[in-house]
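Please keep the sequence and the model in view while reading the numbered points.

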Amino acid sequence: MEYYRRWLADDVAQTCPLCSQKFTQIRRKHHCRQCGNILCSKCCNEKVPLPQLGFEEPERICDNCLEVTSLVTKSRSLQMSFKLEAAKGLTELCKDPAGLTKVVEMGGVQTLIFLSQSGNDEVKAAVATGLQILSTHPPLHSVLAKCGGIKALCSILSTVNESQEQTLIDGISALMIFCKSPELKAQALADGALDPVLTMCAMKEAIALLALMTLSHIVEHHGNLAPLIESNRNALPRILALTKAQDEKIQEISLRILAQMSVGTDWQRHRIVQEDFSAGRCLVEALTRGPKNLQVLVNASCLIANLATGDQDQMSLRDCLEAMCSLTSSHTGHKDIQTHVSRALGNFANFHQNSAILVCMCQG
């Protein structure tokens with residue numbers, strides 16, 4: 001209806017909106033099938049099939065719409081070379097503000113999302129770059145999410161391998177930006193982000209760091225804690241394993257994720273302790289390895305302080321209690337560490353079975 005209202009309104013136009021020339025009997029009026037504007041024959045002379053609009057035969061397109069419309073049309077071709085041209089062309093247009101506006105207005109966003117299902121790695125790479133560029137514009141976030149942008153990213157990340165590093169980096173960077181948005185954290189999990197993100201956490205460091213940062217944003221949404229902890233994707237064991245990584249930044253972020261997960265219910269905290277016990281006491285190692293990056297100890301002590309509230313886990317956390325006691329003297333000048341250590345010892349002191357250790361600490 002909007003198209004025809006514009007057509008009727010423009011029918012009284014006296015000049016072409018592109019070239020500003022007056023319409024005459026020689027310079028006649030023509031309508032662009034894409035935007036509905038009325039233009040002169042010079043500015044609306046090209047004809048392009050528009051299967052996306054239901055026109056299989058070539059229709060008049062104005063110069064302003066031609067570039068994006070042609071790329072959208074090519075995306076519908078059975079020839080992979082045309083699909084690749086469409087993906088690359090739309091992505092390139094997204095880099096320019098004027099081009100970005102046209103892409104959004106003329107169905108280019110939906111076209112990129114459509115192309116994400118291609119089996120061609122080059123097409124996926126171009127789409128990942130395009131979606132990454134689009135994700136840097138917050139006003140577009142809700143539109144992208146509604147159109148399936150997060151699902152498209154998850155699909156790409158799930159179907160490319162580690163050798164395609166730039167595609168993975170572009171895709172996970174875009175997903176991370178979406179997950180920073182409070183209203184999209186839950187949707188990211190619902191749209192399938194967990195599996196590819198966890199898989200990428202085990203890849204090379206540059207990719208793993210981005211994946212972990214993305215996961216850290218996801219767990220900020222309290223409603224995502226239960227699906228993560230109870231996931232059949234082995235989320236907890238994978239995250240615990242990363243606390244033993246050689247890279248201390250990876251240790252730091254994985255411990256921060258666990259600390260965020262430990263603010264849930266008593267059962268969820270119990271599950272973390274159980275998994276840590278099964279994984280070989282990763283948390284004790286995190287507290288005792290002496291990292292250069294002290295944020296590792298901050299996050300680890302915060303996590304233990306949260307876990308120390310459960311009655312059924314006190315025996316399992318005994319080694320962690322002893323390690324926390326050691327931190328009271330080894331990092332006396334670090335305020336954040338001492339704050340979490342004090343909080344942890346206060347929680348441990350609520351249980352009589354810890355009395356002997358705490359008394360020995362005080363006497364020492």
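**Notes on the predicted model**

1. The side chains of Glu 165 and Lys 204 form a salt bridge, with 3.5 Å from N to O. A salt bridge here is a side-chain nitrogen of Lys or Arg within 4 Å of a carboxyl oxygen of Asp or Glu. Glu 165 belongs to helix α9 (residues 165-180), while Lys 204 sits in the loop between α11 (194-200) and α12 (205-218), so the pair ties together parts that are 39 residues apart in sequence. Helices (H or I, at least four residues) and strands (E, at least two) are DSSP runs, numbered from the N terminus. Both partners are partly exposed: Glu 165 has 28% relative accessibility, and Lys 204 has 36%. In these terms, buried means under 20% relative accessible area, exposed means over 50%, and partly exposed lies in between (1.4 Å probe, protein chains only).

2. Residues are numbered from 1 along each chain as its sequence is written, and side-chain values use heavy atoms, with hydrogens and water left out.

3. How many salt bridges are there by this rule? The count comes to twelve. Side chains of opposite charge can pair when their charged atoms come close. In another of these pairs, Glu 220 meets Lys 185 at 2.9 Å, N to O. Glu 220 lies in the loop between α12 and α13 (225-229) and Lys 185 in helix α10 (residues 185-190), so this pair ties together parts that are 35 residues apart in sequence. Glu 220 is partly exposed at 45% relative accessibility, but Lys 185 is buried at 5%.

4. Lys 244 and Glu 285 also meet through their side chains in a salt bridge, at 3.8 Å from N to O. The pair links distant parts of the chain, 41 residues apart: Lys 244 is in the loop between α14 (235-242) and α15 (248-261), and Glu 285 is in helix α17 (residues 282-288). Lys 244 is partly exposed, with a relative accessible area of 32%, and Glu 285 is partly exposed at 32%.

5. Helix α16 (residues 266-278) deserves attention. Its 13 residues reach 18 Å from the first C-alpha to the last, close to the 18 Å expected at 1.5 Å a residue; the expected span is 1.5 Å times one less than the number of residues. The buried residues of α16 include Arg 271, Ile 272, Val 273 and Glu 275. Its buried residues pack against α13, α14, α15, α17 and α18. Just after α16, Gly 280 takes a positive phi of about 95°.

6. The largest nonpolar core has 120 residues, and those with the most contacts inside it are Leu 134, Leu 175, Met 261 and Leu 283. Such a core is a set of buried Ala, Val, Leu, Ile, Met, Phe, Trp, Tyr and Cys residues joined through side-chain atoms within 4.5 Å. Helix α18 (residues 295-307) gives the most to this core, with nine residues. Leu 134 touches Cys 94, Leu 100, Val 109, Leu 112, Leu 140 and Leu 144, leaving aside residues up to four places away in sequence; contact means heavy atoms within 4.5 Å.

7. Strands β3 (residues 46-50) and β4 (residues 55-61) run antiparallel and are joined by five bridges; two strands pair if DSSP finds at least two bridges between them. Val 48 has Glu 59 in β4 as its bridge partner, and Lys 47 stands opposite Arg 60 in β4. In this hairpin, which has four residues between the strands, Gly 54 takes a positive phi near 90°.

Conventions. This is a predicted model: local features need pLDDT of at least 70, side-chain atom pairs count only at pLDDT 80 or more; totals for chains, interfaces and linings use all residues.
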